[in-house]
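The structure is shown first.

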Amino acid sequence: MEKRSKEKIRNIAIVYILSLFLVPKFVLSQLINLIKADAQTVGISYVVIISIAISIWAIIYYKEELLGYWNELKGRRLNLFLTAIAGFVILLLLQSVFFMIFGDSIGETQNQKTIESLNIPIITTIFPILSILLGPILEELVFREYIVGRFKGKLPGVILVLISAALFAIVHMTSLSELKAATPYFLHGIIGSVIYIKSGYNICYPILMHMVNNIIAQLLIYLK
């Protein structure tokens, strides 16, 4: 990864952390208390709108690198789609084994419950765009391209995969009580990171697998 690309992916990670974790925790929560607004409505609206804005910015900001990865796959794009689908199937099998072992005791993270109970018309309308298209690009840039790709050679690959997967699971939790419920996210992080490394650090692979996963997840939510 070139120096300029390293700086850009670092900046994307910084904006992601500041906007979606530090601001909600230390600024937005205080504002909600001050104006006595509904915390869930304001919180989810903020996260969805800011996530879309950051995702669009990140795609434009990192456009040259993303196009470079896509062009690398010329003549191998069928392999990209097959690998993404295979990764999703492996993830599904691992999650199925996990659910078979723990059954109903797993529960759901607050993140999942909030998504499934959205009743804000405009947010409900634009959320699928974030979930299926924009979100996977942003999250894979942060958790795979930055953590695994940016630090390759500085830490063993196995350690980077575990760190990436653990952080990916943590950002989908609101408390430690959701540790078991966040395990599917951890498994997703493992598979996504392994595919990323095995593909020669081409971010298109985990992005597409993430998109496939979220398409299926959205369909299941609508069918409930």
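## Helix H4 against helix H9

The axes of H4 and helix H9 (residues 204–223) cross at roughly 55° and come within 8 Å. Axes are lines fitted to C-alpha atoms, for helices over the stretch in contact, with angles from 0 to 180 degrees between N-to-C directions.

The model is predicted: local features need pLDDT of at least 70, side-chain atom pairs count only at pLDDT 80 or more, and totals for chains, interfaces and linings use all residues. Residues are numbered from 1 along each chain as its sequence is written, and side-chain values use heavy atoms, leaving out hydrogens and water.

## Helix H4 against helix H8

Helix H4 (residues 77–102) packs with helix H8 (residues 183–198) at an angle of about 150°, their axes 10 Å apart. That makes H4 roughly antiparallel to H8. The contact of H4 with H8 has nine nonpolar, five polar and no charged residues.

## Ile-195

Ile-195 is found in helix H8 and is buried, with a relative accessible area of 11% (buried means under 20%, with a 1.4 Å probe and protein chains only). Beyond residues up to four places away in sequence, Ile-195 touches Thr-83, Gly-87, Tyr-205, Pro-206 and Met-209, contact meaning heavy atoms within 4.5 Å. Ile-195 and Gly-87 are 108 residues apart in sequence, with 7.4 Å between their C-alpha atoms.

Notes
Helix = DSSP H or I, 4+ residues; strand = E, 2+ residues; numbered from the N terminus. Parallel < 35°, antiparallel > 145°, perpendicular 65-115°, else oblique. Nonpolar A, V, L, I, M, F, W, Y, C, P; charged D, E, K, R; others polar. Buried < 20%, exposed > 50% of the residue type's maximum accessible area, 1.4 Å probe, protein only.
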